[in-house]
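Welcome! Keep the picture open while you read.

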Amino acid sequence: MSGAAVSRISGPAVEAKGVVRCFMGEVVRIGSEKLIGEVIRIENDLATIQVYEETIGLRIGDPVEQSGELFAVELGPGLMGSIFDGVQRPLTRLLEGWGDNIRRGGSIHRLDRKKRWEFEPAVRVGDMVEYGSILGFVRETRLVTHKIMTPARTEGVVAEVKSGGYTISDPVVILEDGTGITMKQQWNIRHPRPKAERVSLTSPLVTGQRIIDSMFPVAEGGVAIIPGGFGAGKTVLEQTIAKFSHADIVIYIGCGERGNEMADTLDQLTTLTDPSTGDSLMDRTILIANTSNMPVAAREASIYTGITVAEYYRDMGYKVLALADSTSRWAEALREISSRLEEIPGEEGYPTYLVSRLGAFYERAGKAKIAGRKNQTGSITIVGAVSPPGGDFSEPVTQASLRLASTFWGLDSQLAYQRHFPAINWSISFSLAYRDMAKWYMEKIGKDWPAMIDRTMKIMAKEEELSEIVKIVGIDSLEDKERLTLEAGRLIREGYFRQSAVHPVDAYCSISKQAKILAAFLEHVDAMKGALDRGAGINDMTGSAVSEKLLRLKESAGDTIDEAISELRVERKKLFKSLETQ
Amino acid sequence: MRDPLVREYRTIQSIRGPLLFTKRPPNVAAGDMVTILVDAGDKRDGQVIELNEKHAVIQVFGMTDRISPDYTLVRFKEESVKINLSPLCLGRVYSGGGEPIDDMPTPAPSKRSDVYGSAINPVSRDIPEDFIQTGVSAIDGLNTLVRGQKLPIFSCSGLPANELATMIMANAGTEQDHENFSIVFAGMGITSREADYFRRSFVQSGAVEHAVLFINLADDPVIERLLTPRFALTMAEYLAFDLGRHVLVVLTDMTNYCNALREISSAREEIPGRRGYPGYLYTDLAGIYERAGRIKGKKGSITQLPILTMPDDDITHPAPDFTGYITEGQIVLDRGLNRKGIFPPIEVLPSLSRLMDQGIGEGRTREDHRQVADQLYMLYARGVEQRRIASIIGEEGLTDMDRKYLEFADTFENEYLNQGTESRSITETLRISWKLMGDFSDPELIRLDKEYIAKYKPERQDNEPSGD
C-alpha cells in the first residue's frame, strides 16, 4: 500500500510525492476517478507523471496508486476490426457504458473477456515451446487467422493442450512446470518486440496508385512519409492506401486528427469490401483514434500503441501496413509535455530528443525473420503523414522525417489547387528503395520497365524546364519538337499521374494495368513524334479526340484495357495519316 | 446565507498580468472557478489553472486593477466554469462572459453544463452528408457546406467577410426544416461597429428569434475571450443534441481569440512556439473546432462557420494555418477580387470543402455536380495560369487556345463568382456552370462524363434565355 499523493498539477503533467520503489514508465492511477498516467521523471520520492486524461478537477493530496507495471497494450484475439483510443480503450464498448462522449477514468478491459474464440491447437503434448512458437490458431475475422504465440519469458514442454471455444483469459496450453498460457499477452508499448534478423527490402508494397507504384514505390518493410500543407490531400491519400494496398493487416493511427475524418474512415472501411473475397475491409484493419481534442498525453502514446500492435501481427508472419496521421501532431504532444516539464527546448520549442524519438519509431518498420521462427518472415511498412506549419518543409519534424524515410511523397498545394490528386509533386519526391526493387519489377512487368520509368521522368523534367521558358518568352519561341514534349508532359500528368480516389474503376490500378497504360502513353508520344516528322501539325494532334481517348484509358476496367488500347491505336493511325497528307 | 462549499480567503501573494498567485486552500481542484472580491461591490471571476502544495495560480477574467494582496478576498467555488441552459435562451444576447446583456431577466435554467465539454467518441459520430444551400455559387457549386461540418472563412482586413457570413446565415435555414434551425453567434474581440452590424442584421432578417448571441467586444477583458466560444458551443450542443435543432455556429474573429491565448500564455511565462503563440495552440483550437458534428441517433447537428482575419494576408500565419489543419476545408477571400468589385470575393483555388463529396450528387444536389466542379476548377486554374503568363509576355504571345482559357477566367469571375447579395439555388448555379463551359469543345471537357455532356451542355448556337 503506497501513500503517494498529488503535489502539483499543471495541465497533463502531475507530480506525486511519497512514491515508493517507483520506476520510470510505471503506470499509476490518480484520484478517485483513477485517471491513467505514466511516470516520466523521478527525484527522490517525487515522481512526475504524464496523465493520459483531462486533469481538471484533480486536487492536491489526491491519492496516487502505483501499479508496479509498465505501460502495456493487451494483445490477443479481438483486436482486429476494432477501434481503440490512444491508450487502447475500446471505443465501441466505451459507447455502451459512457454514451456519446468520452469520459475519464474507469477501468475497462482492453479486449473482450467474455467472447469465446474457437482455438485450434498447433502443438502436441511433449512439444518444446519458446518465445514466438505458435501454439494454435483462431479465426479472428473472415480475413485474418490469428496465430496464438508463446509470450515472452515462457518456455518449456507442453503438458496439456485444449481445443474448442475459450475466452482469452482461459489457459489453452499448459506446460510441464504448470504454467498456463492464455490467448492474451501484454507488451510494453515503448519496447520494440524482438526480431530475429532483418532481411533486405526487395519488393514494393503495391498500393494501386500509379504515381506511387510506378514512380516512387515504398518497399514492403520500408518507410514513406507524406508531408503537405493543409488541403494537399494527406488524409485522402492515407485512406486510399489503407483501402487498396496489398497488405494483410492495416493499422490506421489517427493521431490528433479530425473526429469526422475518423468516423468517415471507419465508415468507408466497414462498407468497402475486398474485391477478391467480398469481405469488409475493416476485417483486416485496426483503428487507433486519438482525435485532436482528446487528451494530449494519450496522443503521444497512440503511435506506440499502434506500432506495438503492428509488431504483434508481424510476428504472426503478416505483411503489416501502419499508417500514422499525423506525426506532426505527435511531435506537438511531445513538445507540450516537454514544456510542462520545463525542459530546455531545441528548435521551434520542440524537445531536443525529437529526432531520436522519431528515429526510434521509424526503425520499428522493417522486414524480418521472426524471433522464435526463423524460417518465416513478417514485415511492417510505415507511412507517416507530416503536417508542416504553413506547408514549409524546412521545419524540424519534416526535416527529421526526411532523413529517416526511404520514400518521400511531397505533396504540393499548387497541384491541389488545380484539383490534381494525388498531389504528389514528381520533381521533389523520391524513392531510395527503387534500385533494390528493380529486379522485382523486371520479373513482374518486363525487362524494359526501368528504362520506361527513366524516360517518363526525363519527359517530366524537360516539360518543367520548357514550361518555365514559356512563362517568360511565350510558346511561340518553342520549336514544334519542344511543344511536343510539353504535350507529352501534359498527357502523362493528366492521364497517368492524376488518379481519382472516388472513381469506381480508376481508384485502384493494378501493376499490370499500370504497365499497359504507361506503355500506351509512351507509344503515343513516339507516334506523335513520327507524325510530326512526316509533316503533321502539332496543334492538330493536341486536344483531338484521340488524346481524349488516351487520357480516359485509366477509366477502362482491367479486362477491357487491351481492347481500349488497340482501338486507340487504330483511331490514332487514321487521324495522324490524315494530318500527314494534308 | 452562505453556501457551505464556498470559502473565502485573503491570501493573494503576488499579481502578474492576469494571474494571481495565492496560498492554496485545502480542497481546491484544478479548473475550479473563483470569485475575486476586490472591495465593496466590485467582483471579478477567475479560474484555478495550476496547483502545487503551497500555491494556487488563478487566471482573472477581467482587469486586475485595484486587486490588492492586502484587502482583496478570493472566494473558491469548487466547481469549474458552467453555463445555465434553457430553451428560453433563444433570442437572447449574452456578454462574452456568459451574462445576459439585453436587459431581460435571466431565464430559469433547465440544465447547467461545464463549458469545456468532452470529446465526442469517434464511433458515435454520424457522417455529415446533408447539403446546406448557402445561396453562394462559389460555396454551393465548388466548396459545398454540409451539416455538421466546420468550414472557416479566411479573410483579410477590409474584406467583406461579415457580409458573406450574414448572407450564409440568412440562407442556411431557409429549407424544409426552418422550424428547427438556430444560429449561435460568438463575437470575440470585435469592434462595437461590427457588433452593431450583426445585431442589426439579425433583427432585420428576423433570425434574432432563433439565435443566441455572445458578444465580447474589443475592449472587453481579453481573458473572457477565451471562454466566449466555449459558452457559445455549450449552448449550441444543448440546442443540437438536447433539443434536436440544426445549429449554425458563427465564430468571429478567431484571430482575436488566438491573440488572447498568446497574451495569457506570455503572462504565464510559457515557452512560446511559432510567432509567440503557445505550443498548445493547435490542441486548444481543436478543443473548439472539434465541437462540430452529428451524433448517431440524435436529430440535431452543429455546423461551424468560424471567421478569421489573416494578419498581413498571410495564409501561413499560425491562426489560419492551425485552423486549416483542423477544419474540414476553408473559404478564402481575396483582395484582388474585391478590388475588381466582385462580391463575394471568394478565391476558389485555395478554397476547399473536404466533406463536399458526401453532400452532393444524385439524390442530394445533382448527378453531375462533382464533375462540373472539377471541370470548372481545371478551366479556371488554367485561365489564371495564362493570365500570369500574359502579364509577362503579353496576350499576343498566347496561342488561341490559351487565350480562350484566359477569357474563361474573366467570365468565370464576372458571371459565376460575382453574384452580389442575391442568393442562387444550386440548380441556378449548375445552369450558369454549364453555360460557361459551353464555349469549350467536348474533348476539352475531360473531367466530364460524355453522358452528362450530352444531357446538360447547352448547344453552342443556342441563345440563352434571359432571366430564369
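Where in chain A does Pro422(A) lie? Look in the loop between helix 9 (413–417) and strand 26 (430–431) of chain A. Keep in mind that this is a predicted model.

**Where the two chains meet**

- Start with the contact itself: 81 residues of chain B touch 77 residues of chain A.
- About 6400 Å² is buried between chain B and chain A, and carbon and sulfur atoms account for 54% of that area.
- Polar contacts cross the interface of chain B and chain A too, with 34 residue pairs found by the rule (both residues at pLDDT 80 or more).
- Several elements of chain B each supply at least two residues to the side that touches chain A, among them strand 5 (42–52), helix 7 (281–289), helix 8 (318–326), strand 21 (346–353) and helix 11 (369–393).
- Helix 11 of chain B gives the most to this side, with nine residues.
- Sorted by class, the side of chain B that touches chain A holds 37 nonpolar, 21 polar and 23 charged residues.

**Salt bridges**

- Over all chains, the rule counts 63 salt bridges, and five salt bridges lie across the interface of chain B and chain A.
- One salt bridge pairs Arg8(A) with Glu50(B), and their closest N and O atoms are 2.8 Å apart.
- Another joins Glu53(B) to Lys17(A), with the closest N and O atoms 3.1 Å apart.
- To find this second pair, go from the loop between strand 5 and strand 6 (55–61) of chain B, where Glu53(B) sits, across to strand 2 (residues 13–17) of chain A, which holds Lys17(A).

**Strands that pair across the chains**

- Strand 1 (residues 5–10) of chain A and strand 5 of chain B run antiparallel and are joined by two bridges.
- Within strand 5 of chain B, Leu51(B) is the residue that stands opposite Ile9(A).

**A sheet inside chain B**

- Chain B has an open sheet of eight strands with mixed pairing, and you can trace the order as 9-16-15-17-19-14-20-21.
- At the edges are strand 9 (93–95) and strand 21 of chain B, each of which pairs on one side only.
- From one strand to the next, the twist averages 15°.
- Helix 5 (residues 228–242) of chain B packs on the sheet, and the strands it touches include strand 9, strand 15 (181–190) and strand 16 (211–217) of chain B.
- The direction of helix 5 makes about 175° with that of strand 15 of chain B.
- Strand 20 (residues 329–333) and strand 21 of chain B pair in the antiparallel sense over four bridges.
- In that region, Val332(B) has Glu347(B), in strand 21 of chain B, as its bridge partner.

**Backbone details to look for**

- Back to our proline: the peptide bond between Phe421(A) and Pro422(A) is cis, with omega about -10°.
- Chain B has a cis peptide bond between Phe343(B) and Pro344(B), with omega about -10°.
- Pro344(B) lies in the loop between helix 9 (335–339) and strand 21 of chain B.
- Which residue has a positive phi of about 55° although it is not a glycine? That is Arg153(A), and you will find Arg153(A) in the loop between strand 12 (145–149) and strand 13 (156–161) of chain A.

How values were computed. Residues are numbered from 1 along each chain as its sequence is written. Chains are lettered from A and ligands numbered from 1 in the order in which they are written. This is a predicted model: local features need pLDDT of at least 70, side-chain atom pairs count only at pLDDT 80 or more; totals for chains, interfaces and linings use all residues. Side-chain values use heavy atoms; hydrogens and water are left out. Contact means heavy atoms within 4.5 Å. Buried area is the accessible area (1.4 Å probe) that two parts lose on being put together, summed over both. A salt bridge is a side-chain nitrogen of Lys or Arg within 4 Å of a carboxyl oxygen of Asp or Glu. A polar contact is a pair of N or O atoms within 3.5 Å; within protein, one must be able to donate a hydrogen and the other to accept it, and residues adjacent in sequence count only if both atoms are side-chain atoms. Ala, Val, Leu, Ile, Met, Phe, Trp, Tyr, Cys and Pro count as nonpolar, Asp, Glu, Lys and Arg as charged, and the others, Gly among them, as polar. Two strands pair if DSSP finds at least two bridges between them. Axes are lines fitted to C-alpha atoms, for helices over the stretch in contact, and angles run from 0 to 180 degrees between N-to-C directions.
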